[in-house]
Amino acid sequence: MSTTIKHLLSAAATAAFAIAATATTVTNAFAEEPAAPAAPVAKTAKAEAPVGKTRAEVQAEYLEARKNGTLLETEADFDVAQTRKQVVKH
């Protein structure tokens with residue numbers, strides 16, 4: 001095998017591992033059971049609004065980040081973002 005093919009196979013294996021690790025992390029995050037409330041909660045007539053963002057809000061943020069050049073696309077982008085978070089913490 002040529003060196004280029006070895007590098008491509010290594011990159012594909014790394015990408016597959018990263019995807020599997022991410023899927024495991026996400027699955028574990030959603031698998032955790034919420035803590036039981038200490039006191040019974042009274043039910044109201046109105047249903048609570050869902051927590052989080054709507055699809056339109058997420059799409060708007062994505063388009064805005066892409067337009068500003070702040071969209072994380074490569075592993076290097078994620079590394080830079082992680083470094084910035086660590087610098088801010090200290």
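## Burial and surface

Of the 90 residues in the protein, 1% are buried (buried means under 20% relative accessible area, exposed over 50%, and partly exposed in between, with a 1.4 Å probe and protein chains only). The protein exposes about 8,800 Å², and carbon and sulfur atoms supply 62% of that area. Accessible areas come from the Shrake-Rupley method with a 1.4 Å probe; for residues, only the protein chains shown count as cover.

This is a predicted model, in which local features need pLDDT of at least 70 and side-chain atom pairs count only at pLDDT 80 or more, while totals for chains, interfaces and linings use all residues. Residues are numbered from 1 along each chain as its sequence is written, and side-chain values use heavy atoms, with hydrogens and water left out.

## Helices

The protein has 3 helices and 0 strands, and its elements run α-α-α from the N terminus on. Helices (H or I, at least four residues) and strands (E, at least two) are DSSP runs, numbered from the N terminus.

Helix 2 has 14 residues and reaches 20 Å from its first C-alpha to its last, close to the 20 Å expected at 1.5 Å a residue. The expected span is 1.5 Å times one less than the number of residues. Gly69 follows helix 2 and has a positive phi, near 80°.

## Salt bridges

The count is 2 salt bridges (a side-chain nitrogen of Lys or Arg within 4 Å of a carboxyl oxygen of Asp or Glu). Lys53 pairs with Glu61, with the closest N and O atoms 2.8 Å apart. Lys53 is exposed, at 51% relative accessible area, and Glu61 is partly exposed, at 42%.

Glu64 pairs with Lys67, with the closest N and O atoms 3.8 Å apart. These two residues are 3 residues apart in helix 2 (residues 55-68), so about one helical turn separates them. Glu64 is partly exposed, at 38% relative accessible area, whereas Lys67 is exposed, at 64%.

## The largest pocket

The largest pocket has a volume of about 150 Å³. On a 1 Å grid over the protein atoms alone, a pocket is an open set of points where a 1.4 Å probe fits, with protein on both sides within 12 Å along at least five of seven lines; lining residues have an atom within 4 Å of a point. The volume is the space filled by probe spheres set on the points, which are joined across faces, edges and corners.

The lining consists of Gly69, Thr70, Leu71, Leu72, Asp77, Val80, Ala81 and Arg84. By class, this lining has 4 nonpolar, 2 polar and 2 charged residues. Ala, Val, Leu, Ile, Met, Phe, Trp, Tyr, Cys and Pro count as nonpolar, Asp, Glu, Lys and Arg as charged, and the others, Gly among them, as polar.
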